[in-house]
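Please find below a short note for a colleague who wants to check the geometry before setting up calculations. It goes through the model point by point.

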Amino acid sequence: MTKTLILSNVRFPEPHVESYLSIIIKKEEPEVIVLNGDTTQCFWDYECPRVIDVLYVIRSLAPWAHIVYVQGDLDPHAPKCITSEPRYREEITATSVYVMEVSSTKYFVLHGHQYELDNIRKSLNAGPWDWIILGQYKKLEVDRLARIIYSGGITRDFPPEARGYVVIDETSFYIRSLR
């Protein structure tokens with residue numbers, strides 16, 4: 001059974017982040033971890049150590065898991081950092097949109113800053129039954145009519161009701177609050 005953990009707005013190295021990551025990963029034991037944007041701040045080459053540090057922390061907590069790094073608006077340089085790091089270049093997937101299919105349902109995982117919310121489905125060429133998972137917005141909720149999952153964040157910059165994460169398994173998905 002494949003379990004995917006989607007974490008948005010981690011904002012590493014905030015002081016509480018490592019303990020939250022440890023608790024979440026131990027509780028969920030995912031096979032895939034998707035870091036859905038704003039995982040750390042990375043606009044320039046000199047900020048690459050932040051990206052490498054957060055990947056090191058996650059890799060040490062979940063050495064078995066495949067890691068996908070979806071860039072956000074605060075870490076647009078992260079994919080370049082990952083591909084230039086020899087130990088992560090082959091094992092970490094770096095992208096702006098991650099698409100996964102589970103039980104004939106597609107999930108489009110993206111941070112969300114790239115598109116206008118009203119045009120996002122059309123821009124992604126997503127079908128009416130596909131789900132879109134967004135991390136940009138300070139929400140942790142499911143809009144079943146629009147088929148959008150707002151994945152909230154771990155950062156304390158988000159209000160308490162928006163702190164949490166998303167898990168997708170072979171049959172469905174759920175959101176979990178950190179309150």
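This is a predicted model: local features need pLDDT of at least 70, side-chain atom pairs count only at pLDDT 80 or more; totals for chains, interfaces and linings use all residues.

The points below cover the sheets, the helices, the disulfide and some backbone details.

1. First sheet. How many strands form the open sheet that contains β1, and in what order do they lie? There are 6, arranged as β4-β3-β2-β1-β10-β11, and the pairing is mixed. At the edges are β4 (92-95) and β11 (173-177), each of which pairs on one side only. From one strand to the next, the twist averages 20 degrees.

2. The β3 and β4 pair. Strand β3 (residues 66-70) runs parallel to β4, and 4 bridges join the two.

3. Which strands does α1 lie across? They are β1 (4-7), β2 (32-36), β10 (164-168) and β11. Relative to β1, α1 runs at about 160 degrees.

4. Helix pair. Two packed helices are described by the angle between their axes and the distance between the axes. For helix α1 (residues 17-28) and helix α2 (residues 48-61), the axes come within 10 Å and cross at roughly 30 degrees. Angles under 35 degrees count as roughly parallel, so α1 is roughly parallel to α2. The crossing of the two helices is right-handed.

5. Residues of the helix contact. From α1, the contact involves Glu-18, Leu-21, Ser-22 and Ile-25. These meet Val-57, Ile-58 and Leu-61 in α2. By class, the residues of the contact between α1 and α2 divide into 5 nonpolar, 1 polar and 1 charged.

6. Disulfide. A disulfide is a covalent bond between the sulfur atoms of two cysteines. A search of the whole structure finds 1. Cys-48 and Cys-81 form this bond, with their sulfur atoms 2.0 Å apart. Why is the disulfide called left-handed? The torsion about the S-S bond of Cys-48 and Cys-81 is about -75 degrees, hence the label left-handed. Cys-48 is in helix α2 and Cys-81 in helix α3 (residues 78-83), so that the pair links distant parts of the chain, 33 residues apart.

7. In what sense do β8 and β9 pair? The pairing of β8 with strand β9 (residues 148-151) is antiparallel and extends over 4 bridges. Glu-141 has Tyr-150 in β9 as its bridge partner, and Asp-143 has Ile-148.

8. Loop between β1 and α1. Two backbone details here deserve a look. Phe-12 and Pro-13 are joined by a cis peptide bond, with omega about 15 degrees, and Pro-13 is found in the loop between β1 and α1. Arg-11 is located in that loop too. Although Arg-11 is not a glycine, its phi is positive, at about 60 degrees.

Terms used: Residues are numbered from 1 along each chain as its sequence is written. Side-chain values use heavy atoms; hydrogens and water are left out. Axes are lines fitted to C-alpha atoms, for helices over the stretch in contact, and angles run from 0 to 180 degrees between N-to-C directions. Angles under 35 degrees count as roughly parallel, over 145 as roughly antiparallel, 65 to 115 as roughly perpendicular and the rest as oblique. A crossing is left-handed if the near helix is turned anticlockwise from the far one by less than a right angle, and right-handed if clockwise. Contact means heavy atoms within 4.5 Å. Ala, Val, Leu, Ile, Met, Phe, Trp, Tyr, Cys and Pro count as nonpolar, Asp, Glu, Lys and Arg as charged, and the others, Gly among them, as polar. Two strands pair if DSSP finds at least two bridges between them. A disulfide is a pair of cysteine sulfur atoms within 2.5 Å.
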